[in-house]
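Dear colleague,

The sequence and the coordinates come first, and my notes follow below.

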Amino acid sequence: MAKPTSCKEAIQRWEEKTGLVASEQKDINLSFQWPPIEKMDNSLAVLINVEKLSLSTNAIEKISGINSLKYLRILSMSRNNIKTFSGLEAVGDHLEELWISYNLIEKIKGVNVLKALKVLYMGNNLVKDWAEFNRLQEIPNLQDLKFINNPLCENMDVESWRAQVIKRLPGLKKLDAIPIVYAMRFLQYI
């Protein structure tokens, strides 16, 4: 079994492949590493100008090493092994989009630090109860939520699901890729 790719190695590979200096770039894609990255570490701190960081499709279990990324606006962590929202505290005031679908998240505790978050894609996780879902009310600017294929919404028809979410998150503009305006119009006829 090959040892996992480190973040430092992934950044070096990215620089070799693109011919660019990672510390000067705003968009860094470290997705699909082979062997996969298992651990985020402080070598990510060299990405001082990054606004969009993609680490999707690896084997990362925990978000870390991003405390100094003061311009980070979009973090893509889909298709990993992440179980919690911890590790986002330092970027909570400026992170606007978090793409974290296809992970192992069951509990939504800790989202209250995401003060600037507008977009949260967390479909295909393990959230199964409304008490956890209600924690999303702690994200003041949330406008676009993708939550499809969590156990919570699997036992409901689409209309009931949408009605419940809209009631709990009245500020949403888009749910599961469908604008709320259309959903509200549709729900009036039920």
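Does Gln33 count as buried or exposed, and what is its relative accessibility? Please keep in mind throughout that this is a predicted model. Gln33 has a relative accessibility of 11%, and because the cut-off for buried is under 20%, Gln33 counts as buried. Gln33 sits in the loop that runs between strand 1 (27-29) and strand 2 (52-54), and its side chain takes part in a polar contact of 3.0 Å with the side chain of Arg13. The side chain of Gln33 also reaches the backbone oxygen of Leu30, at 3.5 Å. If neighbours within four places in sequence are left aside, the residues in contact with Gln33 are Thr5, Ala10, Arg13, Thr57 and Asn58.

Asn150, in the loop between strand 6 (144-146) and helix 3 (151-154), is buried, with a relative accessible area of 0%. The side chain of Asn150 reaches the backbone oxygen of Met122 at 3.0 Å, and, again leaving aside neighbours within four places in sequence, Asn150 is in contact with Met122, Gly123, Asn124, Asn125, Leu126 and Val127.

Turning to helix 4, which covers residues 158-168, the buried residues there include Trp161, Arg162, Gln164, Val165 and Ile166. At the start of helix 4, a side-chain oxygen of Asp157 comes to within 3.2 Å of the backbone nitrogen of Glu159.

As for the protein as a whole, it has five helices and eight strands, and from the N terminus on these elements follow the order α-β-β-β-β-β-α-β-α-α-β-β-α. The radius of gyration is 18 Å, close to the 16 Å that the globule rule gives for 190 residues, so the protein is as compact as a globular protein of that length. The C-alpha trace spans about 55 × 35 × 25 Å along its principal axes, and 43% of the 190 residues count as buried. Among contacts between residues at least 6 apart in sequence, 41% join residues that are at least 24 apart.

Key
Residues are numbered from 1 along each chain as its sequence is written. This is a predicted model: local features need pLDDT of at least 70, side-chain atom pairs count only at pLDDT 80 or more; totals for chains, interfaces and linings use all residues. Side-chain values use heavy atoms; hydrogens and water are left out. Buried means under 20% relative accessible area, exposed over 50%, partly exposed in between (1.4 Å probe, protein chains only). Helices (H or I, at least four residues) and strands (E, at least two) are DSSP runs, numbered from the N terminus. A polar contact is a pair of N or O atoms within 3.5 Å; within protein, one must be able to donate a hydrogen and the other to accept it, and residues adjacent in sequence count only if both atoms are side-chain atoms. The radius of gyration is taken over C-alpha atoms; the globule rule is 2.2 Å times the number of residues to the power 0.38. Contact means heavy atoms within 4.5 Å.
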